[in-house]
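Please keep the sequence and the model in view while reading.

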Amino acid sequence: MLVAVIAGLGRPCEGATTPEYRVKAAFVFKFATYIHWPSAVDSGPFVIGILGDDPFESSLAEVVRNQTVQGRAISIKPLNRTHDALDCDLLFISASEKENLAKILASLRRSPVLTVGDMDRFAESGGMIGLTTTDDRHVRFDINKGALERAGLRASSQLLQLALIV
């Protein structure tokens, strides 16, 4: 099932009806459904934070509307400060934060916050899941298993089979 869903999301981003960030928004939501958080994580809303400029515009809100993650309603929260990311379950780190990436990741190193980004070498730099767009405009992703494990998070085997592991 996951293979079909993710494979379908990775199709080329063509035309105004399927912009790159609408596809990436769908990936972000799907990642959340295939990650296991420690049982001690809050049972309130599942918070997706966006640190820096929001490249999704309304796409992420549209993708997650009426969806849940592990039975929790989803809330999207724009963030201006790294400290606020500690209240998130998933943090998308915008490319506008590239200069601060090392500091951001260090501050979250052992926190159960799934970090996702689409800047070059994101996962290799310590982020958990890095989205990439290939030359033929397909969206793919890398996973940093070490970063996930340090945060107490676990990716499903289905998700790991589709990723490039760094």
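Asparagine 144 is found in the loop between β8 (139–143) and α5 (145–150); helices (H or I, at least four residues) and strands (E, at least two) are DSSP runs, numbered from the N terminus. This is a predicted model, in which local features need pLDDT of at least 70, side-chain atom pairs count only at pLDDT 80 or more, and totals for chains, interfaces and linings use all residues. Residues are numbered from 1 along each chain as its sequence is written, and side-chain values use heavy atoms, with hydrogens and water left out.

**Asparagine 144**
- Asparagine 144 is buried, at a relative accessible area of 10% (buried means under 20%, exposed over 50%, partly exposed in between, with a 1.4 Å probe and protein chains only).
- A polar atom of the asparagine 144 side chain lies 3.2 Å from the backbone nitrogen of glycine 146.
- Leaving aside residues up to four places away in sequence, asparagine 144 touches Ala123, Gly126, Gly127, Met128, Arg150 and Val166 (contact means heavy atoms within 4.5 Å).

**Helix α4**
- In helix α4 (residues 101–108), the buried residues are Leu101, Ile104, Leu105 and Leu108.
- These residues cover an arc of only 95° around the axis, so they are on the same side of α4 (the arc is that of the directions from the helix axis to the C-beta atoms).
- Ala102, Lys103 and Ala106 are exposed on the other side of α4.
- The cover over the buried residues of α4 includes β2 (46–51), β5 (90–93) and β6 (114–117).

**Positive phi values**
- Asparagine 66, a residue other than glycine, has a positive phi near 65°, and asparagine 66 is exposed at 77% relative accessibility.
- Arginine 121, in the loop between β6 and β7 (129–133), has a positive phi near 60°.

Technical notes: Polar contact = N/O pair within 3.5 Å; in protein donor to acceptor, adjacent residues only side chain to side chain.
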